[in-house]
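Subject: Structure for your files

Hello,

Here is the structure I said I would pass on.

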Amino acid sequence: MRLIADVDTGIDDALALVLLAARPDVDLVGVSTTTGNTTAARAARNSAAVLALAGRPGVPVWTGSGRPLVVEPETTPQTHGDEGLGRAALPDASGALHPGDPITGLWLPQLRAHPGETTLLVTGPLTNLALALRAEPRLPRLARRVVIMGGSFNHPGNTLPTSEWNAWCDPHAAAEVYAAFEGLPAERLPLVCPLNVTETVELRPGVLDGIAGRIGVDAPHLGPDAPRPGAPSRTGSALFDLLIDALRFYFEFHADHGCGYLAQVHDLLAAEVAVGEPLGARAEALWVGVETGAGITRGTTVADVRRLLGRAPSARVLTDVDPAAAIDALVRAVVSLSTR
Ligand code: BDR
Ligand code: CA
């Protein structure tokens with residue numbers, strides 16, 4: 001399966017890349033970045049480092065849009081760490097960084113050369129997807145499938161009371177993207193993995209202990225009582241060390257925000273959906289719109305569940321998955337990459 005991942009790496013974006021890297025059937029033709037969790041440039045360096053440790057050093061990583069379409073760029077070091085991957089120390093993988101614009105250099109050439117074959121997975125703000133749709137309005141027909149992590153439907157937000165981070169970061173891009181798909185046949189609509197579903201998938205430290213056991217290294221010292229910042233992980237597996245040092249920070253972030261000592265792994269779920277992991281996923285085709293105004297509802301995503309607006313669907317919105325299956329897929333991915 002050909003796939004382009006558009007990311008703002010980011011701890012859960014890193015898990016998404018690990019999942020993709022572990023799948024022998026995924027031809028990861030390129031990665032592009034956007035500004036969200038961290039800057040697009042930093043996200044590119046992070047993505048290249050993760051892919052190198054996950055055995056895919058040859059995947060080209062393109063630095064994408066540094067700015068949202070209209071609003072000012074924002075990043076969230078409090079959620080993902082100063083450089084985007086918690087306290088992980090990264091190898092230099094700058095050899096994988098590709099110069100130039102990912103829309104004209106990667107997305108459009110790939111989509112046009114392989115019509116109907118390339119899945120687009122977007123786990124950051126929708127800036128690059130909006131720009132690509134402006135440049136190539138046939139994109140919904142050229143892509144095999146578009147899968148997005150973003151939005152929150154009939155559920156609280158994680159940035160403002162009703163706004164999810166990716167939609168909040170670039171609300172104009174999100175609004176443009178859904179408008180571009182409105183009225184297309186169901187199989188052409190983007191599949192959206194919103195917060196109300198991704199938040200059901202909770203990664204707990206015991207899962208990392210289980211991985212440690214399976215790959216034959218010491219279990220990491222993680223938990224609410226573990227010292228902060230804690231010593232860097234030295235298990236002997238560079239990939240597992242990166243995940244532990246990133247996730248330790250992410251567990252602490254969630255604990256400090258009342259979620260418990262666990263991690264919500266939004267982008268991992270979107271990657272699993274994109275590659276067709278058997279998750280018992282269900283989705284509903286709905287009209288989706290996005291609030292672009294400034295103020296307390298900026299970036300709020302609205303799904304017209306009762307068809308009150310009488311408008312055609314603009315997305316397929318994920319409604320259910322099996323959270324245990326989602327965690328299981330990550331375990332399999334990390335174990336397989338760590339024992340190759
Ligand atoms: C989304 O925001 C980011 O912090 C995560 O990487 C994910 O893509 C969840 O709201
Ligand atoms: Ca992300």
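Below are my notes, from the whole chain down to single residues and the ligand.

Please keep in mind that this is a predicted model.

**Overall fold**

The chain contains 13 helices and 13 strands. Its radius of gyration is 19 Å, close to the 20 Å that the globule rule gives for 340 residues, so the chain is as compact as a globular protein of that length. Along the principal axes, the C-alpha atoms fill a box of roughly 55 × 40 × 40 Å. Buried residues make up 55% of the 340 in the chain. If we take contacts between residues at least 6 apart in sequence, 82% of them join residues at least 24 apart.

**Cis peptide bonds**

Two peptide bonds deserve a look in the viewer. The bond from threonine 9 to glycine 10 is cis, with omega near 0°. Glycine 10 sits in the loop between strand 1 (2-7) and helix 1 (11-22). The bond from arginine 228 to proline 229 is also cis, again with omega near 0°. Proline 229 belongs to the loop that runs between helix 10 (205-215) and helix 11 (238-256).

**Positive phi outside glycine**

Asparagine 154 is not a glycine, yet its phi is positive, at about 50°. This residue lies in the loop between strand 6 (143-149) and helix 7 (165-169). Is asparagine 154 buried or exposed? With 10 other C-beta atoms within 10 Å, asparagine 154 is exposed, because a count of 12 or fewer puts a residue in that class.

Arginine 307 has a positive phi as well, near 55°. The loop in question here is the one between strand 12 (301-303) and strand 13 (315-320). Arginine 307 has 11 other C-beta atoms within 10 Å, so it too is exposed.

**Around ligand 1**

Which residues are closest to ligand 1? They are Gly10, Asp12, Trp165, His266 and Asp267, out of 14 residues that surround the ligand. Helix 1, helix 7 and helix 12 (266-275) each supply at least two residues of the shell. Sorted by class, the shell around ligand 1 has three nonpolar, seven polar and four charged residues.

Regards

Definitions and conventions: Residues are numbered from 1 along each chain as its sequence is written. Chains are lettered from A and ligands numbered from 1 in the order in which they are written. This is a predicted model: local features need pLDDT of at least 70, side-chain atom pairs count only at pLDDT 80 or more; totals for chains, interfaces and linings use all residues. Helices (H or I, at least four residues) and strands (E, at least two) are DSSP runs, numbered from the N terminus. The radius of gyration is taken over C-alpha atoms; the globule rule is 2.2 Å times the number of residues to the power 0.38. A residue is buried if 20 or more other C-beta atoms lie within 10 Å of its own, exposed if 12 or fewer, and partly exposed in between; C-beta atoms are placed from the backbone. Two residues are in contact if their C-beta atoms, placed from the backbone, lie within 7 Å. A residue is near a molecule or strand if its C-beta atom, placed from the backbone, lies within 6 Å of it. Ala, Val, Leu, Ile, Met, Phe, Trp, Tyr, Cys and Pro count as nonpolar, Asp, Glu, Lys and Arg as charged, and the others, Gly among them, as polar.
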